[in-house]
Amino acid sequence: MREKGHQTILVLDFGGQYKELIARSVRGLKVHSVILPGSTSAEEVRALAPIGIILTGGPFSVYAEDAPKADPELFGLGIPVLGICYGMQMMSAALGGEVLPCKVSEYGTTEVAVTAPCVLFDGVKSPMRALMSHTDYVAKTPEGFRVTAVTENCPAAAIAFDERKLYGVQFHPEVERTHGGKRLLKNFLYKVCGAVGDYTMDAYIESEVKKIRDTVGEHEVVLGLSGGVDSAVAAALIERAVPDKLTCIFVDHGMMRKNEGEEIRAAFGGRSLRLVCVDAADRFCSKLAGVTDPEQKRKIIGEEFVRVFEEESARYKGCFLAQGTIYPDVIESGAIGGANIKSHHNVGGLPKESKFIGIVEPLRGLFKDEVRALGRKLGLAESIVGRQPFPGPGLAVRCLGEVTKEKLDILRDADIIFREEMARSKVKADQYFAVLTSVRSVGVVGDFRAYGYVVALRAVRTSDFMTCEYVRVPYTVLDRAAKRIVDEIPGVGRVVYDITGKPPATIEWE
Ligand code: XMP
């Protein structure tokens, strides 16, 4: 498969939780990868002409009635295959082997011993620690296969049929906890599939720039800058392709963090694209007056945002609409044929009545870390590309109860202090911020009674933002941040630290 000019590895999804990790690991090794449903037919695969196929794990037992199966003809295409966990069991069953329930299931890291030379294990130390997570195992390998590695409880931890380039591993080479896993994947890509390592950011930029130019032609492009990483990188890439045809609309709803609006203006003003900043803070604030229900607040902001953007973009009839949709948005929306986990507002094309003539989504094939790397390549400031996730409704969901300008200003000041102290401390955290609670408490300042807001600080570690742990921020850092917040911000009387994980809490407070 030479989509966009790259060799491609096809990752066929059988429901395993690591499919994105596999696809990202392959790309990290400079080979392009795409995820498609496990049900993709051999004919479709042949048409795509990948240099190799990886079958993911999955939560099924191969003999279960509803167990997903690969098209058996896949194994006769002459394309190298690596089956991982369920992928290996399913391939074995399809080719005449036998899969049985384990006497002892293996969960967690286990010692894997390589028992026969195999190209996959070139340069991999044996024994190695590897992540196993299975209740079935390959009890009899299909004809032509040989066992190349074992564990104490698994007589076939890796199998190979070298002549047909079919391989299977019962463990997960894609996770960090498997020692030598990256090397094993690299061996599969480069020594088995003949990868040349042609998937680089430069190559991506070059092919996307050409694609954008071909799509846009003589038309104009309009893009909504949200302040987040994705729309910013999409803007920089489109500007690279069609510098004088891009207009970026930045709707400032007044709920951005301190200096954020200025950072956007600094990053995108003075370039060849046209930046239109819409100061809609008063408009949003008045819509939110008296509203305390979190869902209601989100709804009002979402609707108002669409309204302002539509009003502003109304004058760009006959233009393309550009969006910062990224690959996980596409996967989650089921747009590639998988399960629809969550519909993304920006996946699914233009509404019928739209005045735009088409969509440009140049990040549609990229994972988040790739988007950041691309942004750096395109010269965007670290304050933009390294930005933490920030909710669409902005500080409104961190300003509990009614949102007022006074409360937003207090929150912005507390938030920047905490962020400065965290950044200075180099404590590892994936997201951290301040929350302005709607609680006020009594204190003393000098000889006077004070009655100020309670500010909560939150710092979390997470890789997927679906779950998180709170960060054990050292007391010295919390101490400095808390002192500065109460000293520097009139109206704050107390500072607390949130020590709740997700679940049961969420990362945001509303
Ligand atoms: P929760 O609070 O659900 O947040 O644990 C998980 C992650 O999502 C971010 N978040 C949002 N992002 N629009 C967004 O684009 C939203 O409405 C929104 N709400 C939460 C949150 O900051 C965290 O990273």
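Buried residues, those under 20% relative accessible area with a 1.4 Å probe and protein chains only, make up 52% of the 510 residues in this protein chain. Before I go on, a word on where this comes from: we are looking at a predicted model, where local features need pLDDT of at least 70, side-chain atom pairs count only at pLDDT 80 or more, and totals for chains, interfaces and linings use all residues. Residues are numbered from 1 along each chain as its sequence is written, and side-chain values use heavy atoms, with hydrogens and water left out.

Along the principal axes, the C-alpha atoms fill a box of roughly 85 × 60 × 40 Å. Looking at contacts, meaning heavy atoms within 4.5 Å, with a separation of 6 or more, 73% of them are between residues 24 or more positions apart.

Now let's visit the ligand. The residues around it, each with a heavy atom within 4 Å, include Arg298, Gln431, Phe465, Lys502 and Glu508. Arg298 has a polar side-chain atom 2.6 Å from an oxygen atom of the ligand, and for Lys502 the distance from such an atom to a ligand oxygen is 2.6 Å. In the side chain of Glu508, an N or O atom lies 2.5 Å from an oxygen of the ligand.

Let's stay with Glu508. This residue sits in the segment after β18 (492-497) and counts as buried because its relative accessibility is 12%. Its side chain also makes a polar contact, a pair of N or O atoms within 3.5 Å with one able to donate a hydrogen and the other to accept it, with the side chain of Arg398 at 2.8 Å.

Finally, some backbone details. Most residues other than glycine have a negative phi, and most peptide bonds are trans. Where do we find cis bonds here? One runs from Ser126 to Pro127, with omega near -5°, and another joins Pro503 and Pro504, with omega about 10°. Pro504 is in the segment after β18.

Cys85 is not a glycine, yet has a positive phi of about 55°; Lys426, also not a glycine, has a positive phi of about 65°. Are these residues buried or exposed? Cys85 is buried, at 5% relative accessibility, whereas Lys426 is exposed (over 50%), with a relative accessible area of 71%.

Conventions
Helix = DSSP H or I, 4+ residues; strand = E, 2+ residues; numbered from the N terminus.
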